[in-house]
Amino acid sequence: MNTWRQTSPTGRALLVTVLLTGLTTFMFLPLLAVHLSSEGVPGGRVGFLVGLLAFCSQGFSLLCGLVVDRFGTRAVLASGFGLRIAGYALLGAGTASATAVAGITAIGIGGSLLGLAVKTRLVAEDGVPARDMLALRSTFVNIGVIAGPALGALVYPLGFGWILAACVLSHLLLGIRLTLRPTAAATPAPQPDGGPATAGAAAPEAPAAADPAARRRAVRQWIPLCLVGVAFWALYSQLNVILPISAKEMTGSTAAISVVFTVNGLLVVLLQYTLLRHVFRQATARTLLVVGFLAFATAYALLIPLAGWSALLAFVLPVTLAEMLIAPSLDEQAVQAGPLGRTGLALGAMSAAGAVGSLLGSSLGGFLLQTLHTGTGIWLVIVAVSVAAAASSLLLPKARMQHA
């Protein structure tokens, strides 16, 4: 790929890290709810723990963004790897309330540090558009997504502890490699006034920041953008709460959810880069978000007949389309609307909005499992939420967003 050739050695090392951490994460994540359920954990608590993982993976993103902007990627990456290793070890010690909560929290916060540090560094690549780097990062993530669930399904019969051991070993080796590797800082962007760039310095505060009109414009951009982010992650979290259990009931196989994630990852690898390079240049973000949420509604509507494997496999295409359109579009719009020179802060704010949606969606998903069980009622609720989110996307500005 052209973008890979233009990427610096440090950027390439980080992309390989994205691939390998994605591999182990998706060995672990799709089977987490199944494992907890098999250990006798009630459905409501399963939903809470999965939601807590998603919340901790995103809820500290605003702070992490500030830390990345201040201290750079090396220290943040080392801290993230250390926390994740400790979290996997704690989760392997048992599913008792305190141990499980501590392990899930460490895994989530560690993932937040790793993900945001890598993403912030990649969009700062010199001479490569942020949109292209987001596409390439997504491709590498989903190579791991393709292989991870398949490997997880193969290893799971041996015991969930083997999956946790693979996560610990991979993070330990990657952490040592990246911490000891000499890294060149990303070439800083020029200052808005055309003056020389200053490495590591925050952009000077624009005089327009105190302008009431500028503040109103920022509010008009960020409030609906964050609300749409909350809706997206609330819907997406059902792939880790409701769908694994429903897929097992629909097909009779614990490997069903792994098949879903594998096909999803393959489609993203094949199509995401093309969509970001071409489709994103032909449609506004608002249009992409509306179409994406309607694709979510279509995907869950296909599950209403509960037609076993056929409905589950038909579900994958529209839900993947939704992911490809919504997730990178939100990140790109956050970078565009964020303060100049504060990419970490902008991405962190969007991830923090996602944290609220993940915790809310996962907790409500667990509640729906307890009250409606699996079946048509759950899918109708999700379809209605998806359509409402599509309508809410129309609150976003139609034109390209500007830096606040």
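**Group meeting: rings, helices and buried residues**

Let's start with the rings. This structure, a predicted model, holds 12 aromatic pairs. Here, rings of Phe, Tyr and Trp (its six-membered ring) pair if their centres lie within 6.5 Å; planes under 30 degrees apart count as stacked, over 60 as edge-to-face, and the rest as tilted.

Take one example. Phe232 and Phe296 form a tilted pair, with 6.0 Å from centre to centre and 50° between the planes. This pair links distant parts of the chain. Phe232 is in helix α9 (residues 212-236), Phe296 is in helix α12 (residues 285-301), and they are 64 residues apart.

Buried or exposed: which is Phe232? Phe232 is buried, at a relative accessible area of 1%. Phe296 is buried too, at 0%. Buried means under 20% relative accessible area, exposed means over 50%, and partly exposed is in between, with a 1.4 Å probe and protein chains only.

Ring pairs also build a cluster. Its members are Phe232, Trp233, Tyr236, Phe293, Phe296, Tyr300, Phe315 and Trp379.

A quick word on the ground rules. Residues are numbered from 1 along each chain as its sequence is written, and side-chain values use heavy atoms, with hydrogens and water left out. Local features need pLDDT of at least 70, side-chain atom pairs count only at pLDDT 80 or more, and totals for chains, interfaces and linings use all residues.

How confident is the predictor? pLDDT is its confidence in each residue, from 0 to 100. The protein chain has a mean pLDDT of 81, and 87% of its residues reach 70 or more. Over residues 185-210, the pLDDT is below 50. That stretch still has 22 contacts in the model beyond near neighbours in sequence. Contact means heavy atoms within 4.5 Å. Where pLDDT is low, predicted coordinates should not be read in detail.

Now the whole chain. The protein chain has 15 helices and zero strands. Of its 404 residues, 50% are buried. Among contacts with a separation of 6 or more, 84% come from residues 24 or more positions apart.

Next, helix α5, residues 73-92. Its 20 residues should span 28 Å at 1.5 Å a residue, and the end C-alpha atoms are 28 Å apart, which agrees. The expected span is 1.5 Å times one less than the number of residues.

Which residues of α5 are buried? They are Val76, Leu77, Gly80, Phe81, Arg84, Gly87, Tyr88 and Leu91. After α5 comes Gly94, with a positive phi near 150°.

Last, two single residues. Gly354 is in helix α14 (residues 343-371). Gly354 is buried, at 0% relative accessibility. Leaving out residues up to four places away in sequence, Gly354 touches Gln58, Gly229 and Trp233. Its C-alpha atom is 9.0 Å from that of Val228, 126 residues apart along the chain.

Lys119 is in helix α6. Lys119 counts as buried, at 11% relative accessibility. Neighbours within four places aside, Lys119 is in contact with Leu134, Arg137, Asp331 and Leu347.

Technical notes: pLDDT = per-residue confidence, 0-100. Helix = DSSP H or I, 4+ residues; strand = E, 2+ residues; numbered from the N terminus.
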